[in-house]
Amino acid sequence: MPQLLPKLHRSSTQFALRALHSPKIKYLLLCFVVVVIVLLFRPRVIVVDDLLRTSELENLIQELRGDDLRLVRWSATKYTKKRQNGICDESLPQALRTIASSSSTFDQELACVFATFCITDNPEQRARLGDDDYVAIVKLVYSTDSHASAMASHLIYIASFSNQSNHQGFFQAGATLKLANVVKDKDSSKLAIMWAAAALQNLAASYCSKFKGRCIWDWEGNTDLSIKPKDNVVISDGSSIRKDLLNDSDLVNTLKKLACQGPVRGDMTDENPYVGKNAIIGGAYDESPNIVSWAATGVLKNLALEPTARILIGDGETLKCICRLAHSPDWLEENKGKGALHYLRPSDPCWFQDDDYENGELCVDDLFLDQKGYTCTDYGSATDQECWITNKYGVSAREACCACQGRSEEPNIFGKSGQ
């Protein structure tokens, strides 16, 4: 019996080898391999029951919002902050999947609103977005539903702030092109334009390691901007995004026109809203011209970080608009206007005939730096003889500076704003 074992082993091995060469066995093995590959590399399938429905989203939004009805929420309320992590830990991923996979545009819109509440002033929740989310949110920006487009842009505006992955991820997903097209489209609603411009504003920024992600830019000897202090290092550079936007001359010109629709004039009323004060959600202000200028000026402000932009943006008429915005009674317009002036010029170029009347006569200094490093602001008390001093291009202070009577020969009637 023991002598038979080797023979049996050899015969079974030979049988197996012959079977492997059988066409049927080869076919079955090939099918098995294909099934394994498909199972390993199949795309993730979203179960419909995992998506949030309209009523669920509305309840979640109300739980986070409370009584916060502001149209522009620049910060989270104490009420929202207390509830963000508890509610959003579980529901934010579901909301993001709803944006990506829901067949209901309205549910996608509500999911954007909810996600925006989750991530406002909350870096931990903001960090939960990923590549698939960037693509889905950017796709929604181009929705034919203007309100859904606006809410997707709003989400990009909040998510891009001080988060390198989101900041660069939205750019790589094509956000700037789609947002720019919304801003330029004459058929876009005012609300869609406002949030698209706001999103471009934050995408065009750079973000740093201190001051909650903000880079503090200041002038170096009237020649160029640099970040202060030096140990506040850049964690996400927006220069490539700024240059990309500056290549779109139609966008730049549209932003300048939109900025010049401001500032708000007259007393704040329900019919004349101030976007930073009494403008609320609900649709009443979705087409108000008052809501756009702050966002357009915010984009121009960050574009002005590029030296080449200062000529494109800082022309006389646009600069006059920005001067007036910097004196707006609405703090949000005022903030963007002052920021834009700071990035455009090393010193304040705005001279109002009456400092108490921001809509009155206004003179704006040309960009001027004499051969000793003085700007037009330094010529506020210059003598007539000093006003003939020139810069390296031969342009005199008399030609460039309002304090030296600017471009006219009339007596100087302008006083320096804020002095």
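**Exercise 1. Classify Trp 331 by its accessibility: buried, exposed or partly exposed?**

Solution. The model is predicted.
- Step 1: take the relative accessibility of Trp 331, which is 30%.
- Step 2: apply the limits. Buried means under 20%, exposed over 50%.
- Step 3: Trp 331 therefore counts as partly exposed. Trp 74, at 38%, is also partly exposed.

**Exercise 2. Work out the geometry of the ring pair Trp 74 and Trp 331, and state which parts of the chain the pair ties together.**

Solution. 
- Step 1: search the whole structure for aromatic pairs. There are seven.
- Step 2: take the pair Trp 74 and Trp 331. Their ring centres are 4.9 Å apart and their planes stand at 80 degrees.
- Step 3: planes over 60 degrees apart count as edge-to-face, so the Trp 74 and Trp 331 pair is edge-to-face.
- Step 4: place the residues. Trp 74 sits in the loop between helix 3 (54-65) and helix 4 (78-101), while Trp 331 belongs to helix 17 (residues 331-344). The pair therefore ties together parts 257 residues apart in sequence.
- Step 5: check for a charge over the ring. Arg 70 lies over the face of Trp 74, 4.9 Å from the ring centre.

**Exercise 3. Describe the pair Tyr 157 and Trp 195: its geometry, its place in the chain and its burial.**

Solution. 
- Step 1: the centres are 5.5 Å apart, with 45 degrees between the planes. The pair is tilted.
- Step 2: Tyr 157 is in helix 8 (residues 146-159) and Trp 195 in helix 11 (residues 190-203). They are 38 residues apart, and the pair links distant parts of the chain.
- Step 3: both Tyr 157 and Trp 195 are buried.
- Step 4: Tyr 157 and Trp 195 form one aromatic cluster with Trp 294.

**Exercise 4. Find which residues of helix 3 are buried, and explain why they lie on the same side.**

Solution. 
- Step 1: get the length. Helix 3 has twelve residues and spans 16 Å from first C-alpha to last, close to the 16 Å expected at 1.5 Å a residue.
- Step 2: list the buried residues of helix 3. They are Leu 57, Leu 60, Ile 61, Leu 64 and Arg 65.
- Step 3: compute the arc. These residues cover only 125 degrees around the axis, which puts them on the same side of helix 3.
- Step 4: recall the general rule. An α-helix has 3.6 residues a turn, so residues three or four places apart point the same way.
- Step 5: find the partners. The buried residues of helix 3 pack against helix 4 and helix 5 (105-119).
- Step 6: look past the end. Gly 66 follows helix 3, with a positive phi near 65 degrees.

Key. Residues numbered from 1 in each chain as written. Predicted model: local features only at pLDDT ≥ 70, side-chain atom pairs only at ≥ 80, totals over all residues. Heavy atoms only, no water. Phe/Tyr/Trp six-rings, centres within 6.5 Å; stacked < 30°, edge-to-face > 60°. Helix = DSSP H or I, 4+ residues; strand = E, 2+ residues; numbered from the N terminus. Buried < 20%, exposed > 50% of the residue type's maximum accessible area, 1.4 Å probe, protein only. Lys NZ or Arg CZ within 6 Å of the ring centre and 35° of its normal. Expected span 1.5 Å × (residues − 1). Arc of directions from axis to C-beta. Contact = heavy atoms within 4.5 Å.
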